Amino acid sequence: MSTSLWFDIKTQFLQSSSRLTQLIIANVLVFILLGMVRLIYFFTNDLRTFDGITEYVGLSPHIPTVLNHPWTLVTYAFVHFSFFHLLFNMLILYWVGIILTDFLGDKKLWPLYLMASWCGGVLYIIIYNLFPVFKVSAFSPTMIGASAGVLGIVFAAATLVPDYTIYLLLLGPVRLKWIALTLILIDLIAIPLGNAGGHIAHLGGAVFGYLFIKSLNNGTDLSSWWPLLIGTFQPKKRSRRYLKADQGGATKQNQYNVKSRAEQSAQQRVDIILDKIAQSGYESLTKEEKTFLFNYSNTNKKE
């Protein structure tokens with residue numbers, strides 16, 4: 001049963017057509033795994049040992065510790081020990097991630113999330129070592145959570161489509177740019193009140209999200225390294241051979257070819273529109289282009 005369950009999880013993650021879904025699944029799986037490990041240590045009355053695990057997955061501001069555990073610049077962005085911490089981050093990631101992928105596609109979601117997390121983590125380390133108020137030592141508390149990466153996606157979306165309107169409970173319609181600015185103001189004000197490292201990391205992620213879209217508009221894709229990295233881990237696909245089967249004068253091969261040409265034509269037009277967004281921004285699109293991009297995005301989601 002456990003083998004079948006693991007196979008189902010792996011299949012859902014690897015074969016999911018949505019990078020946004022993959023990102024959420026990754027965070028949830030890490031939360032469940034660490035929760036089960038903590039449960040084991042709880043029943044063995046050895047929670048102190050579990051607390052030591054945080055050093056290997058959370059990000060420390062202590063530079064020698066980071067140098068000994070460099071992978072924590074990645075792992076910390078997927079670690080949550082509180083259910084509500086995870087829930088809050090994943091809800092924002094889902095709501096704003098859908099907006100960003102509708103207009104930019106989802107191929108840049110993973111690298112954007114990771115790079116925003118890195119920038120948030122690096123800013124956290126720099127600030128903690130720069131200002132004496134934080135008194136960094138080997139025993140400084142470690143930082144965890146997806147918030148820096150999520151804020152990077154929020155600010156990327158707010159920079160790409162700042163006037164996109166979201167309907168909030170009790171508040172009504174609010175433009176995305178005001179939501180992003182409110183979140184960052186809250187982080188700035190909250191630094192002296194507690195969890196300073198987390199709020200500082202949020203700022204780093206937000207700044208990167210803004211710079212990511214601005215660079216993209218200027219013709220520089222900061223995520224261009226991602227397809228090269230992923231390509232090294234993906235096996236080469238074998239070319240498929242189509243079997244001919246007569247069906248009223250048409251063959252299955254012809255049907256596949258017609259569908260393939262239609263899909264390629266639509267994809268080519270999407271690529272042209274996305275290039276236009278990268279060069280001149282979303283507002284430069286015509287009404288017809290916006291409608292086509294919206295319909296194409298919805299069609300892919302249904303599939």
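A: F83 is partly exposed, with a relative accessible area of 46%; buried means under 20% relative accessible area, exposed over 50%, and partly exposed in between, with a 1.4 Å probe and protein chains only. F84, at 62% relative accessibility, counts as exposed. The model is predicted, so local features need pLDDT of at least 70 and side-chain atom pairs count only at pLDDT 80 or more, while totals for chains, interfaces and linings use all residues. Residues are numbered from 1 along each chain as its sequence is written, and side-chain values use heavy atoms, with hydrogens and water left out.

Rings of Phe, Tyr and Trp (for Trp, the six-membered ring) pair if their centres lie within 6.5 Å; planes under 30 degrees apart count as stacked, over 60 as edge-to-face and the rest as tilted. The count by this rule is 14 aromatic pairs. F83 and F84 form one of them, edge-to-face, at 5.5 Å centre to centre and 75° between the planes. Y124 and Y128 have ring centres 4.9 Å apart and planes at 55°, so this pair is tilted. Both Y124 and Y128 are buried. They lie 4 residues apart in helix α7 (residues 109-130), about one turn of the helix; helices are DSSP runs (H or I, at least four residues), numbered from the N terminus. An α-helix has 3.6 residues a turn, so residues three or four places apart point the same way. Ring pairs also link F78, W110, Y113, W118, W225 and W226 into a cluster.

At 45% relative accessibility, Y56 counts as partly exposed. Not counting residues up to four places away in sequence, Y56 touches H69, W71, T72 and T75, where contact means heavy atoms within 4.5 Å. Y56 and N68 are 12 residues apart in sequence, and their C-alpha atoms are 9.6 Å apart in space.

Conventions. Helices (H or I, at least four residues) and strands (E, at least two) are DSSP runs, numbered from the N terminus.
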